[in-house]
Amino acid sequence: MCASPSTIREIMLAAAELNMVNSGEYVFFNIEIFGSMTATKQPPWYAKNDTDERNQKAKEAFTALLQVVAREPEDDEYRQFSKEVKELTRTKYNYTYAEDEPVSTFVTAFYDAVLLYAYALNDSIAQLGEQRALRQPINGTHLAQLMWGRSFKGITGNVTIDSNGDRISNYSLLDMNPETGLFEVVANYYYGGGLQFVQGKAIHWAGDRTKAPPDRPTCGFDGSLCPDNSLPGYAILSLVLGVCVVCMGIASIIGYRHYKLEAEINSMTWKVNPNDVLSCNPSRGHRGSFHSMVKRGSQATIYSEDLNSLPGDRQIYIHFGFYKGCKVAIKKINVQNLSLTRSLMLEFKRMKDLQHDHLVRFYGACLDLHPEPFILTEYCPKGSLQDILENETIKLDWMFKISLMHDIVKGMAFLHSTDLHSHGSLKSSNCVVDSRFVLKVTDFGLHQLRRSTDDADMESYAYWQKLLWTAPELLRDPQCPPAGSQKGDVYSFGIIIQEIVSRQGPFYLGTEEKSPKEIIKLVRDGPGLMDVPFRPKVDESSYEDVNNIMVKCWAEDPADRPDFGGLKTIIRKINK
């Protein structure tokens, strides 16, 4: 840069605003011609009419500025010349130099220029002769050429003019002392001698640098030295269009799936035409737990307590029939004023789509009031797990018992992974066995068809008995959902294990006898004075690993109970 001090100051302030000073990546050079910025003890960054804040910013900005000036001679001849110039300006031009103010380099340059001209003129006169030189005009071109390639001793030291007519001078490099705010000579450049630093002086680099920044940025001043990794316009456009296409595709897929789901719901594939069902009415001579395994012929019946909550608290017989070539169990639904809502149709669809080796298959439902609403499920001729456990003629070894537990766990693990999430009424009577002695879980889902029990039912024995498998936290919940909870299903499984191990029915207490109502009250009240929750008696002589699983499943805190995924792994290891 080469400008007046005020202009240099504004440039440096602008550079500071652009973070070109504190970054330490830039160094500014000012070519000082007149010497006015170093002529006084007044700091060049200071402006009397400016604010203290801007002066402080200017001082910080000037830390990135180096000044190049003509070197000032230090001999006695120059000092005497400077003294005479200052005296002459004071007496003849009424200008007084400030203390330690140097004489302008222009004054010394004019003095040396006159000497150069005089030397050239003498050489011209000597070449032409005195008489001839006085008679003819001076040739300016010839006179200028006589100045080139000349060296002589001037007031500023050795003056050298090269072959192009340029003066080769010595220069000084000035840096601002951050403590005093004044510029000081830190190095001198000598023709033929190179750059020489002043002893004890060093350049203070901006941005807390310890050495000079590189003379060229890594990527060049215009960034052309670094590869352009940015995406071209067409690539960005293609990317945006691609994202839009993907979003539209995802939206289309979601919309199509929603449309397909709604179409499947409205198609009601689960709906059964009663004319397609061939019903086989069983004998009604038996009530209670019916041992279907000892029955013969097509008149065998299955007693199930699993849908007690649908028509009310009464024992019902479920007869079987044939539907599209399949033997099915027919369960009547005594629900009046049934409204076929979307949520109910969605649940019917989910039940229809649900298929697993250890879940009873749902074939469909008929909601016509005439002759009577019913649902069709897979027919399992061996009866329920409760039937088998109560039948003393059937011998069960430990391998078969653990196999039954494993079947329940596999079915429940799958059920918990579906949209149904939980069973809500898991008990031994809701676990049935097919003709291959494979246990399957039944009576899950369709919670919208369940009815709350009226006050009269609360006085019945069956009402309290069916709660023996219910977890304590659900017993305490006045708004307990029909679907229960997954941890509640694990608790129910723990009670079923106790049934399988003891074969004494749910909640076997040994010699102690309590009614189902008393048991439910003790379970609901939680741990007593001994800080031990009320649970069935554990037979210490039975399989220890199975006992450990059972105790974990009926833990008081639901968080302490395992899930069916973990139980499946544990029982699989025991079953090996």
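Here is a quick tour of the chain, from its overall make-up to a few individual residues. The model is a predicted one. The chain has 576 residues, 41% of them counted as buried, and it carries 16 helices and 16 strands. Take the contacts between residues at least 6 apart in sequence: 67% of these join residues at least 24 apart.

**The three-stranded sheet**

- β3, β4 and β5 make an open, antiparallel sheet, in the order β3-β4-β5.
- Five bridges hold the antiparallel pairing of β3 with β4, which covers residues 157–161.
- Helix α4 (residues 105–128) lies across β3, β4 and β5, and its direction makes an angle of about 130° with β3.

**The five-stranded sheet**

- This open sheet has mixed pairing and runs in the order β1-β2-β6-β7-β8.
- Its edge strands are β1 (28–31) and β8 (194–197); each has a single partner strand, so one side of each lacks a neighbour in the sheet.
- From one strand to the next, the twist averages 30°.
- β7 (residues 183–190) pairs with β8 in the antiparallel sense, over four bridges.
- Within that part of the sheet, Leu195 in β8 stands opposite Tyr189.

**The annotated helical span and its cysteine**

- An unreviewed UniProt entry lists residues 234–256 as "transmembrane region".
- In the model, residues 234–256 are 100% helix and 0% strand, with the end C-alpha atoms 32 Å apart.
- How many disulfides does the structure hold? The count is zero.
- Cys244 is therefore in no disulfide, and the nearest cysteine sulfur, from Cys247, is 6.5 Å away, against a cut-off of 2.5 Å for a disulfide.
- Cys244 counts as partly exposed because its relative accessibility is 38%, which falls between the 20% and 50% limits.

**Aromatic pairs**

- The aromatic pair count comes to 14.
- One of them is Phe320 with Tyr379: the ring centres are 5.1 Å apart and the planes meet at 40°, so the pair is tilted.
- Phe320 is in strand β11 (residues 316–323), while Tyr379 is in the loop between β14 (374–378) and α9 (385–390); the pair links distant parts of the chain, 59 residues apart.
- Are the two partners buried or exposed? Phe320 is buried at 2% relative accessibility, and Tyr379 is buried too, at 12%.
- Elsewhere, ring pairs join Trp270, Phe348 and Phe362 into a cluster.

- β13 spans residues 362–366, and five of its five residues are buried, so the strand is largely enclosed by the rest of the structure.
- β13 pairs with β14 in the antiparallel sense over four bridges.
- Across that pairing, Cys366 stands opposite Phe374 in β14.
- Pro373 is in the loop between β13 and β14.
- With a relative accessible area of 7%, Pro373 is buried.
- Beyond its neighbours within four places in sequence, Pro373 is in contact with Lys332, Ile333, Cys366, Leu367 and Asp368.
- Pro373 and Pro274 are 99 residues apart along the chain, yet their C-alpha atoms are separated by 9.2 Å.

**An exposed loop residue**

- Thr511 is in the loop between α13 (486–502) and α14 (516–525).
- Is Thr511 buried or exposed? Its relative accessible area is 81%, so Thr511 is exposed.
- Thr511 and Lys537 lie 26 residues apart in sequence, and the distance between their C-alpha atoms is 9.7 Å.

Terms used. Residues are numbered from 1 along each chain as its sequence is written. This is a predicted model: local features need pLDDT of at least 70, side-chain atom pairs count only at pLDDT 80 or more; totals for chains, interfaces and linings use all residues. Side-chain values use heavy atoms; hydrogens and water are left out. Two strands pair if DSSP finds at least two bridges between them. Helices (H or I, at least four residues) and strands (E, at least two) are DSSP runs, numbered from the N terminus. Contact means heavy atoms within 4.5 Å. Axes are lines fitted to C-alpha atoms, for helices over the stretch in contact, and angles run from 0 to 180 degrees between N-to-C directions. Buried means under 20% relative accessible area, exposed over 50%, partly exposed in between (1.4 Å probe, protein chains only). UniProt positions are given in the numbering used here, feature names are shortened, and annotations may be inferred rather than shown by experiment. Rings of Phe, Tyr and Trp (its six-membered ring) pair if their centres lie within 6.5 Å; planes under 30 degrees apart count as stacked, over 60 as edge-to-face and the rest as tilted.
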